[in-house]
Amino acid sequence: MVTRVALTGLAAVASVFSLTVTGFRGPLESGPGPLTVDSLPRVPYVAHRGGAREVPENSMSGLMAAYRRGTAQVLDFDTRVLRDGTPVVFHDATLNRTTFLGGEVRGLDAGEWRGVRLRPRDRLPGSWRSERPPTVAEVLDRFGGRIVLMLEAKDPRGLDRLAALIRARGLTRSVFVNTNDPRVARRVHRLGLLTQLWRSARQMRTDRPGRWRSYVDLLDVDVRARDADLRRAVRSGVPRVWAHTVLTPAQRDRALALGCNGVITDAPGLLARHPARVPGRVSAVLGR
């Protein structure tokens, strides 16, 4: 069931729009084929949900802004599945927090999804219009091969459909598929996709991440975890250990000092304005 939320301030939100979503620049690196993970710098920055403290989360305009600003080398977004199996870009199980509607995402079909409109937060910098949240296919078609992508499979029911979309576009080396469940991560690996496994600070207290190194390409660790737990993740044998969700330069610098080799952040622009201060590792940040 879908319910409608009061449209307070909709006219003001929709009156201006800071970026067009057409005419974007070419790939960050040019070449004969899609940009892949092999092209990433030594310490990449990830725009989490597009950079949710700087742009409307999981929106096409927000992802476009993050791409055009160039402060991140990876764009992250969340995925859920509609009633008819269509994968869409959305974080929550319900529409209430970020749209003008209420009810469960999985209660809608593709036709009904076209009527959903995102509700940008008032405290975001700049001006943003209300817009329809995109489908996964639309995001892959716009950005696939131009920048590395990271998608979280919030609903494992849609995993086969996600895999088919990624494969059909030749993006198996360009898209990380993220989950919090090691069993789902193993499924992702068996589907021939890049596997990302995220873990909370609480989970990391008892994790033995070395068990996952045969099928996890990227271990996504909570920046709030204890030093010992972060170091154990770094020593796990998983080749990429990236810290989430980094909000301040100090959090980033601590994660890098403990050995993490990637930064997942809601504020890529902020971090880009404050160079890392990690002895011996400053030159690695953003590929410098």
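Here is a short chat about helix packing and confidence in a predicted model.

User: Hi! What is the average pLDDT of the protein?
Analyst: The average pLDDT (the predictor's confidence in each residue, from 0 to 100) is 89, and 85% of the residues score at least 70. In this predicted model, local features need pLDDT of at least 70, side-chain atom pairs count only at pLDDT 80 or more, and totals for chains, interfaces and linings use all residues. Residues are numbered from 1 along each chain as its sequence is written, and side-chain values use heavy atoms, with hydrogens and water left out.

User: New topic: how do α4 and α5 pack?
Analyst: Helix α4 (residues 136-143) and helix α5 (residues 159-168) have axes 11 Å apart, at an angle of about 20 degrees. Helices here are DSSP runs of H or I, at least four residues, numbered from the N terminus. Axes are lines fitted to C-alpha atoms over the stretch in contact, and angles run from 0 to 180 degrees between N-to-C directions.

User: Which residues meet there?
Analyst: Val 136, Ala 137 and Leu 140 in α4 meet Leu 162, Leu 165 and Ile 166 in α5.

User: And which residues of α2 meet α4?
Analyst: Met 60, Leu 63, Met 64 and Tyr 67 in α2 do, and their partners in α4 are Glu 138, Val 139, Arg 142 and Phe 143.

User: At what angle do α2 and α4 cross?
Analyst: Roughly 25 degrees, and the axes of α2 (residues 60-69) and α4 come within 11 Å.

Methods. Helix = DSSP H or I, 4+ residues; strand = E, 2+ residues; numbered from the N terminus. Contact = heavy atoms within 4.5 Å.
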